[in-house]
Amino acid sequence: MMKAFPEGFLWGGATAANQIEGAWREDGKGPSTADMQTGGGLHTPRRVTPVLEASAFYPSHEAIDFYHHYREDIALFAEMGFQVFRLSIAWSRIFPHGDDPKPNEQGLAFYDRVFDELEKYGIEPLVTISHYELPFSLTQKYGGWRDRRLIGLYLDYAKVLFKRYKGRVKYWLTFNEINSAMLPPGAYLSQGMILKEEENTPAIRMQALHHQLVASALAVRAAHRIDPACKVGCMLCYLDSQPLTCAPEDVLLAQYTDQTVNLLCGDVQIRGAYPAFTRRYFEKEHIRLETMPEDEAALRRGRVDFCAISYYMSNCVSARAGVEEVSGNLMGGYKNPHLETSQWGWQIDPAGLRWTLNHLYGRYGIPLMVVENGLGAEDKPGPGGEIEDDYRIDYLRRHIEQLRLAAEDGVELMGYTAWGPIDLVSASTGEMKKRYGFIYVDKQDDGSGTLERRKKKSFYWYKKVIASNGAAL
Ligand code: BGP
């Protein structure tokens, strides 16, 4: 047995509305940006189709139908002993067009039912306000986050949630992986902007990101006013980028990559102001940010209570070319000769999680939470339908070991929610076959399947991990 985690450490799993709910037009819900994305694959990017194509497949339309299976699924999470469940609220369930005069009561009532179910088992909801989706009408009418008016629309939406679920939701995240805006895929995924490749520049994305950062800060302040007991966190996709060699130019490039991809968003949301290195970044990328006089005070007053991250893999960066490349979450990099990769080419680096947590806690000194970590793998059911996912147990065990070491290094950790506790739609590829779950869902990429849920070997393993507060790995 290893040493246990601190008392009160929250164990659970993480999901996103557009990757689990389905019911994409039910009970008054409007289409979201995710609903307009076709399925794809490792080498075929998902397509955004402003007009749905009859011949295309849209994974979020049914996903795994959590909308109708939530009672069964939450009972399974409770059976594993979850103390926290990360989910997102679909903005377009609450404001179908994003700028509707009043919220959709049926949408609000669905999440009431979900929180009722979680309360039955004593599971804390951790709610992401916008997780890689916004009402598609906001893309069509405003051009997504490039339009400053989205700040007010997001704030109206967030205030409805804080008031409706006051006392029931103690933990909020303003945006999922808000720093994905530093990379081209974030333009549509996180910012709802349909851009031609040549238009998709750091300057366009940074202006939209500024609006998101102001919106996040104003939401933090509103949350604290409406419910002083709640905690609001930022959420970063931590892309651990290490120098391929000790050559000074590689070391400097790794620092610059970390500053721009990860720390810029962390600094604004945690320290309340753009960091000094922004000057270099804005100069290099020809960025002239358009701000309003009130923005500086808004950012300063809207600092978050905790910092949540997703962590899957690490990359190497190098100033020299011609090195073997690997893929990754949102961005690839160069191959690290000391690491193995997943079936989807992501480099598996458990010690990188410990490095990342020390790095962030050293910089920010506020509680941290790992709200995404998991292994996407093609699970193949055995003759009796059983799934012996020892590879997933191995990946998670190695990362949880590093989590505990980080806690012993002095890092203040709130909890851990494994990504995809139940098989769900992959965000980058739209695939079901890239499975993450402790629970298998019979849904295939051609849309077939019974949606039956089945426990994998890792289900029983994770149940023991939670029961021992991380001691029995
Ligand atoms: C993160 C997203 C999650 C999830 C995860 C796994 O970036 O926040 O929503 O999708 O990536 O990635 P994928 O689903 O592409 O395998």
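How do the residues of the shell around the ligand divide into nonpolar, polar and charged? The shell has 6 nonpolar, 6 polar and 3 charged residues; Ala, Val, Leu, Ile, Met, Phe, Trp, Tyr, Cys and Pro count as nonpolar, Asp, Glu, Lys and Arg as charged, and the others, Gly among them, as polar. The model is predicted, and local features need pLDDT of at least 70, side-chain atom pairs count only at pLDDT 80 or more, and totals for chains, interfaces and linings use all residues. Residues are numbered from 1 along each chain as its sequence is written, and side-chain values use heavy atoms, with hydrogens and water left out.

The ligand is surrounded by 15 residues, each with a heavy atom within 4 Å of the ligand. Q19, E177, A427, S428 and Y436 are the closest. In E372, a side-chain N or O atom is 2.9 Å from an oxygen atom of the ligand. The protein buries 99% of the 370 Å² that the ligand exposes when taken alone (Shrake-Rupley method, 1.4 Å probe).

The ligand sits in the largest pocket, meaning that more than half of its atoms lie within 2 Å of the grid points of that pocket. A pocket is an open set of points on a 1 Å grid over the protein atoms alone, with protein on both sides within 12 Å along at least five of seven lines; a cavity is a set of points where a 1.4 Å probe fits but cannot get out, and lining residues have an atom within 4 Å of a point. The largest pocket holds about 1,100 Å³ of space. Its lining has 40 residues, with P45, P185, L189, L330 and S428 closest to the centre. Helix α7 (residues 186-189) gives the most to this lining, 3 residues. By class, the lining of the largest pocket has 19 nonpolar, 15 polar and 6 charged residues.

The second largest pocket has a volume of about 240 Å³. Among its 13 lining residues, M182, Y256, T260, V261 and E285 lie nearest the centre. Helix α9 supplies the largest share of this lining, 5 residues. The lining of the second largest pocket divides into 8 nonpolar, 2 polar and 3 charged residues.

There are also 5 cavities of 30 Å³ or more. The largest cavity has a volume of about 60 Å³, and its lining residues include Y312, W346, K434 and Y436.

Definitions and conventions: A polar contact is a pair of N or O atoms within 3.5 Å; within protein, one must be able to donate a hydrogen and the other to accept it, and residues adjacent in sequence count only if both atoms are side-chain atoms. Grid points are joined across faces, edges and corners, and a volume is the space filled by probe spheres set on the points. Helices (H or I, at least four residues) and strands (E, at least two) are DSSP runs, numbered from the N terminus.
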